[in-house]
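Subject: Structure for your review

Hello,

Here is the structure for you to look through. My notes on the domains, the ligands and the salt bridges follow below.

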Amino acid sequence: MKRILPLILCIIPAFAVAEPASNMVWMPETLNFVKDGNIKKGEQLAQSCAGCHGEKGISPMGMFPSLAGQTANYTYKQLRDYADGKRENPMMSSIAAGLSEQDSADLAAWFQSLPAAQNKASQEDLSKAISLVDKGNGKKILPPCFVCHESSGKGQKMDTPALAGQQAEYTEATLLEYKNGTRHNDLYSRMRVIAKQLSDAEIKQLAKYYQQLK
Ligand code: HEC
Ligand code: HEC
């Protein structure tokens, strides 16, 4: 990562003139604010989310992402991005616009406290996905997914989401959206740059791989 940083810093000025990907700035105050989210209040607020995301944050349908076990910073950022119009979705945009920053932090704390979905191991050949996760692709400057999302697929506290147990249908759809630019709320274009280099078949296999990862 140390060697990549100067490269990223060179790219930023080119993006600086355009709209920022997200209004989120990870200052210590923001990190502490999210860390102090109230799980109990989040649980109450989450009753209105259960129809789509499940009672315990494990969604009943492939098109709805599971939220259980997701890192709080990531969930908080997504809710604020929807509210700010930085990530758009006909179902989520208006819901998030009705949440305060405090509500968002409380919901993020609640979902982080729940155990992630555990799905059956896949019988399919997922070797292409495993190679991308573990090794990336040197010919394409494609870093391995594990560098940021961890080998466990549990993500990193700062702002990298957990992917393990996620609905494959959702993961595939969101990667295709990064690829075609419809989803553009990733800071420094990290995921858009990566998704553009993945074939649709690779995306499908990666989504299946992460769904069954425990
Ligand atoms: C009517 C169904 C519906 C309801 C109710 C709903 N959501 Fe969603 N939610 C969705 C859909 C669909 C997506 C995927 C949208 C996309 O692809 O951008 C989503 C995405 C999200 C995401 C992004 C997940 C990720 O992995 O990036 C978060 C966070 C979220 N919802 C939180 C909530 C919270 C909190 C509530 C309740 C206050 C809620 N949602 C209520 C349908 C719903
Ligand atoms: C340089 C670090 C980095 C690498 C490498 C990386 N990611 Fe990500 N990824 C991120 C960050 C940061 C986000 C959150 C972006 C945001 O805030 O919207 C993310 C978001 C995602 C999401 C959206 C999750 C959700 O719930 O909506 C998926 C899916 C994803 N990455 C898959 C992958 C896959 C598959 C690979 C490997 C081919 C990969 N990532 C490699 C940093 C990385």
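Predicted model: local features only at pLDDT ≥ 70, side-chain atom pairs only at ≥ 80, totals over all residues.

**Domains and their interface**

Domain 1 puts 21 residues into the contact, and domain 2 puts in 17 residues.

About 1600 Å² of area is buried between domain 1 and domain 2, and carbon and sulfur atoms account for 48% of that area. Between the two domains, 12 residue pairs are in polar contact, counting pairs with both residues at pLDDT 80 or more. The number of salt bridges found across the interface of domain 1 and domain 2 is 0. On the side of domain 1 that touches domain 2, α5 supplies the largest share, 5 residues. By class, that side of domain 1 holds 9 nonpolar, 8 polar and 4 charged residues.

**Ligand 1**

Around ligand 1 there are 20 residues, of which C49, C52, H53, Y74 and M92 come nearest.

- H53: 2.8 Å from a nitrogen atom of ligand 1.
- R87: 2.8 Å from an oxygen atom of ligand 1.
- Y170: 3.0 Å from an oxygen atom of ligand 1.

The elements that give two or more residues to this shell are α4 (50-53), α5, α6 (92-97) and α7 (101-113). Among the contributors to the shell around ligand 1, α5 gives the most, with 5 residues. Sorted by class, the shell around ligand 1 consists of 14 nonpolar, 5 polar and 1 charged residues.

**Ligand 2**

Ligand 2 has 24 residues around it, and C145, C148, H149, Y170 and M191 come nearest.

- Y74: 2.9 Å from an oxygen atom of ligand 2.
- K77: 2.8 Å from an oxygen atom of ligand 2.
- H149: 2.8 Å from a nitrogen atom of ligand 2.

Two or more residues of the shell around ligand 2 come from each of α5 (72-83), α9 (146-149), α10 (168-180) and α11 (190-196). The largest share, 5 residues, belongs to α10. Its residues divide by class into 13 nonpolar, 6 polar and 5 charged.

Which domains does the shell around ligand 2 draw on? Domain 1 (24-113) and domain 2 (127-212) each provide at least three residues.

**Salt bridges**

How many salt bridges does a search of the whole structure find? The search finds 7 salt bridges. One pairing of side chains in a salt bridge is R190 with D159, at 2.9 Å from N to O. This pair connects distant parts of the chain, 31 residues apart: R190 sits in helix α11, and D159 sits in the loop between α9 and α10.

Regards

Methods:
Residues numbered from 1 in each chain as written. Chains lettered and ligands numbered in written order. Heavy atoms only, no water. Near = heavy atom within 4 Å. Polar contact = N/O pair within 3.5 Å; in protein donor to acceptor, adjacent residues only side chain to side chain. Helix = DSSP H or I, 4+ residues; strand = E, 2+ residues; numbered from the N terminus. Nonpolar A, V, L, I, M, F, W, Y, C, P; charged D, E, K, R; others polar. Domains from an automatic or database assignment. Contact = heavy atoms within 4.5 Å. Buried area = accessible area lost by both parts, 1.4 Å probe. Salt bridge = Lys/Arg side-chain N within 4 Å of Asp/Glu carboxyl O.
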